Structure formats: structure tokens, C-alpha cells
Amino acid sequence: MAIIITDECINCDACVSECPNNAIYEPDQNWSYSDETALKGMVKTPNGKEVDADAENDPISDEFYFIVSDKCTECKGFHDEPQCASVCPVDCCIPDENHVETEDALLEKKAWLHGE
Ligand code: SF4
Ligand code: SF4
């Protein structure tokens, strides 16, 4: 499943550079599917949504760092453990019960993001 950042986040910035999918954004930052991925133009997400990969989407939080669940693979295909959770000093990167996915689905998402 994807990882979510809770409101215990202290906005320390340690997690952002650790994410292999560029799924983590600063508070109040616009995000896009195409940021640091192979996606561009109109694409279909693994769960079937048609989206413009280049569109600038509204921030998910204006107070805390946030994770775009469609870009989070729990680090599958890159690392054994979620890297954001590994480096977070306050342990506020936790499994997102609203985005439960199998390991195969996470690996498919990783391939989708990176054009493999
Ligand atoms: S679990 Fe990995 S892919 Fe997901 S947000 Fe954290 S660092 Fe990024
Ligand atoms: S490492 Fe943890 S506390 Fe720091 S910005 Fe990321 S989620 Fe927030």
C-alpha cells in the first residue's frame, strides 16, 4: 500500500530526496505525475483514471509534507523498505489504509511511472 504522512510531520525535508518516485512534496506545492518520471501527456493510471501527466495539481496539504499515493510504490523495485519511513525522525510516514495494494500492483506502478 502507499505510505501517508500524518500531521505529526515537522516539515524537516529529510524524506524528499530519498523517494525514488518523486512522490513526496513540500506543503502547499503543486505536483504532477510527470515530475521526475517517464510519464507525459495523457496517460491512464494503474487504477484506470485518465489524467494529464503534465498538469499541475493542487497541493494535498498546505501544512505538512505529503505523498501522492498514485506515485508511491512503497519503494518496491528500488529498496526493501519505504525510505521515507526509514529516515523520518518522528515516524510519521505510515501505511495508508485507504490505498492498500498488492506487491505485484506496486511493482506494476513502478514500471508505469518509469516507462519500463
Ligand atoms: S514509500 Fe518510497 S516511494 Fe513511497 S513516498 Fe516513501 S520514499 Fe517515496
Ligand atoms: S522526514 Fe518525516 S518529519 Fe521530515 S518532512 Fe518527511 S515526513 Fe515530515
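Ligand 1 sits in the largest cavity of the predicted model. A cavity is a set of points, on a 1 Å grid over the protein atoms alone, where a 1.4 Å probe fits but cannot get out, and a molecule sits in one if more than half of its atoms lie within 2 Å of its grid points. The residues surrounding ligand 1 are Ile 3, Cys 19, Asn 21, Ile 24, Ile 67, Cys 72, Thr 73, Glu 74, Cys 75, Pro 82 and Cys 84, where a residue is near a molecule if one of its heavy atoms lies within 4 Å of it. This shell comprises eight nonpolar, two polar and one charged residues; Ala, Val, Leu, Ile, Met, Phe, Trp, Tyr, Cys and Pro count as nonpolar, Asp, Glu, Lys and Arg as charged, and the others, Gly among them, as polar.

The second largest cavity holds ligand 2. Around ligand 2 there are 14 residues, of which Cys 9, Cys 12, Asp 13, Cys 15 and Cys 88 come nearest. Twelve members of this shell are nonpolar, one is polar and one is charged.

The model is a predicted one, in which local features need pLDDT of at least 70 and side-chain atom pairs count only at pLDDT 80 or more, while totals for chains, interfaces and linings use all residues. Residues are numbered from 1 along each chain as its sequence is written, chains are lettered from A and ligands numbered from 1 in the order in which they are written, and side-chain values use heavy atoms, with hydrogens and water left out.

The chain contains two helices and six strands, arranged from the N terminus as β-β-β-β-β-α-β-α; helices (H or I, at least four residues) and strands (E, at least two) are DSSP runs. The C-alpha trace spans about 35 × 30 × 25 Å along its principal axes. Of the contacts (heavy atoms within 4.5 Å) with a separation of 6 or more, 73% join residues 24 or more positions apart.

Lys 110, in helix 2 (residues 103-114), counts as buried because its relative accessibility is 13%. Leaving aside residues up to four places away in sequence, Lys 110 touches Thr 73, Lys 76, Gly 77, Phe 78 and Glu 116. Thr 73 also belongs to the surroundings of ligand 1. Glu 50, in strand 4 (residues 50-52), is exposed, with a relative accessible area of 54%.

Terms used: 1 Å grid on protein atoms, 1.4 Å probe; cavity = no way out; pocket = protein on both sides within 12 Å on 5 of 7 lines; lining within 4 Å. Buried < 20%, exposed > 50% of the residue type's maximum accessible area, 1.4 Å probe, protein only.
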